[in-house]
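Student: I would like to learn how to read a structure of this kind. Could we go through it feature by feature?

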Amino acid sequence: MSLVNVDIAIVGAGIAGQTLALALAQRDFSVAIVDANDISKNITEEFSPRVSAISKASERILKNVGAWRNIQRMQAYTDMQVWEDQGFGRIAFSAQENKIENLGHIIENNCLTQALFETASSIKNIQFFDGQKISAINRSDDQQLINLENGDMISAKLIVGADGGNSFVRKTAGFALTFWDYDHIAIVANIQTELPHKLIAKQAFTASGPLAFLPLWDSYPCSIVWSQDKSKAAELLKLSNEEFNKALAVAFDCTLGICELVSEKQSYPLKMRYSRQWVGNRVVIIGDAAHTIHPLAGQGVNLGISDAVALAEQIIKLVEQNKDFGLAKNLRPFERWRKTETVKMIAAMEGFKRLFAGSQPVTKLIRDTGLTLANLSSLTKQKIIKQAMG
């Protein structure tokens with residue numbers, strides 16, 4: 001049994017949690033990271049179908065904390081095309097027309113997590129307690145005490161919950177949650193296509209949900225995110241690999257030719273979660289612990305990274321002002337800032353989902369016309385792409 005004293009304890013060694021740890025460690029804060037999983041083993045040996053579209057803003061953050069150079073695999077994408085299945089509406093974005101090198105990078109989540117770990121594990125003021133479950137969190141006015149199942153204890157001035165959608169920290173803090181079911185199942189997999197992806201991210205809106213092809217390493221592999229209503233998803237998941245390949249090519253109008261699965265299909269239900277409170281005395285939540293959104297724009301991880309750096313900025317500012325960074329009243333500016341950005345994103349994703357749902361002729365005409373007009377407006381496209389790049 002041992003007692004470790006740190007400035008900040010982060011529960012969850014995912015992308016948001018480790019990004020926060022690195023940002024704080026750069027300013028000499030002592031940080032403990034607790035995670036029930038063993039993250040010390042290399043998790044990048046096999047290609048993973050769970051990927052994220054990392055924005056230019058997130059890229060800058062990851063470079064600033066030193067993790068970008070350790071990412072083993074990534075693929076820049078230079079163009080993005082979005083269209084409606086069985087309709088005439090489409091919109092396209094190009095890095096060239098915006099005079100930039102690329103629009104972002106597609107990165108496997110496990111590669112990003114591993115890169116952050118390799119960076120953080122080399123920093124002396126970050127301690128990992130991985131493979132350790134929390135038995136209790138005891139709160140007092142001036143500290144938080146984390147009790148681990150192995151008997152060790154961690155004392156911190158602030159606990160940060162970065163422990164995912166079913167956050168133990170959020171539940172322990174008693175933060176109320178607003179949520180709804182999107183009634184969609186996301187099917188993710190890696191595929192090999194007959195035609196090269198040419199660094200173009202593609203997304204088709206079908207009557208039962210969006211289908212995205214995201215370019216990966218080399219010229220032919222892609223990661224797919226096929227979000228379908230529950231009944232359609234159940235049908236797809238029952239198909240043999242050969243039947244699934246055919247259904248995938250048809251749904252994507254053979255845009256990239258014949259498709260072939262090169263990984264297992266994975267699926268997960270899509271839910272919107274939004275914590276109505278993010279901060280309390282000596283406790284704060286970020287990332288998926290605070291919010292989860294529909295993946296149709298691929299912005300979930302970027303929101304979490306932005307949460308992390310915003311919280312780090314607020315903590316650093318408070319220390320410079322000789323204020324207690326563990327008090328809820330001092331963390332309110334962070335909460336207001338990030339809540340505002342998250343609500344905007346949740347509203348946008350819900351709006352897109354409802355707009356492109358169904359195949360009612362009048363609705364299809366409206367959205368096809370809207371996409372076409374937006375594609376003709378360079379100003380509108382510039383605003384959209386700036387938002388997507390963060």
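Student: Which strand gives the most to the lining of the largest cavity?

Tutor: That is β7, with 3 residues. Helices (H or I, at least four residues) and strands (E, at least two) are DSSP runs, numbered from the N terminus. A cavity is a set of points, on a 1 Å grid over the protein atoms alone, where a 1.4 Å probe fits but cannot get out; lining residues have an atom within 4 Å of a point.

Tutor: Before going further, note that this is a predicted model, in which local features need pLDDT of at least 70 and side-chain atom pairs count only at pLDDT 80 or more, while totals for chains, interfaces and linings use all residues. Residues are numbered from 1 along each chain as its sequence is written, and side-chain values use heavy atoms, with hydrogens and water left out.

Student: How many cavities of 30 Å³ or more are there in the whole structure?

Tutor: The search finds 2. Grid points are joined across faces, edges and corners, and a volume is the space filled by probe spheres set on the points. The largest cavity holds about 50 Å³ of space. Its lining consists of Arg73, Met74, Gln75, Ile106, Ile107, Glu108, Leu216 and Trp217.

Student: What should I look for around β7 itself?

Tutor: Start with the general idea: strands of a sheet pair through backbone hydrogen bonds, either parallel or antiparallel. The rule here is that two strands pair if DSSP finds at least two bridges between them. In this model, an open sheet of 3 strands has the order β3-β7-β4, with antiparallel pairing. β3 (51–54) and β4 (75–77) each have a single partner strand and stand at the edges, so one side of each has no neighbour in the sheet. From one strand to the next, the twist averages 25°. Axes are lines fitted to C-alpha atoms, for helices over the stretch in contact, and angles run from 0 to 180 degrees between N-to-C directions.

Student: How many bridges pair β4 with β7?

Tutor: There are 3, and β7 covers residues 104–108. In that pairing, alanine 76 has histidine 105 of β7 as its bridge partner. Helix α2 (residues 56–64) lies across β3 and β7, at about 95° to β3. Contact means heavy atoms within 4.5 Å.

Student: In which senses does β5 pair with β6 and with β13?

Tutor: β5 (residues 79–84) and β6 (residues 90–94) are antiparallel, over 5 bridges. Glutamine 81 faces alanine 92 of β6. With β13 (residues 200–206), β5 pairs in the parallel sense over 6 bridges, and there tryptophan 83 has alanine 204 as its bridge partner.

Student: How do I read the salt bridges?

Tutor: Side chains of opposite charge can pair when their charged atoms come close. The cut-off is a side-chain nitrogen of Lys or Arg within 4 Å of a carboxyl oxygen of Asp or Glu. By this rule, the model has 13 salt bridges. In one of them, aspartate 307 pairs with arginine 338, with the closest N and O atoms 2.7 Å apart. This pair links distant parts of the chain, 31 residues apart: aspartate 307 is in helix α7 (residues 300–320) and arginine 338 in helix α8 (residues 328–355).

Student: Is aspartate 307 buried or exposed?

Tutor: Buried means under 20% relative accessible area, exposed over 50%, and partly exposed in between (1.4 Å probe, protein chains only). Aspartate 307 counts as buried because its relative accessibility is 0%. Arginine 338, at 5%, is also buried.

Student: Where does lysine 198 lie?

Tutor: Lysine 198 is in the loop between β12 (177–193) and β13. Its phi is near 55°, a positive value in a residue other than glycine. At 63% relative accessible area, lysine 198 is exposed.

Conventions
On a 1 Å grid over the protein atoms alone, a cavity is a set of points where a 1.4 Å probe fits but cannot get out, and a pocket is an open set with protein on both sides within 12 Å along at least five of seven lines; lining residues have an atom within 4 Å of a point.
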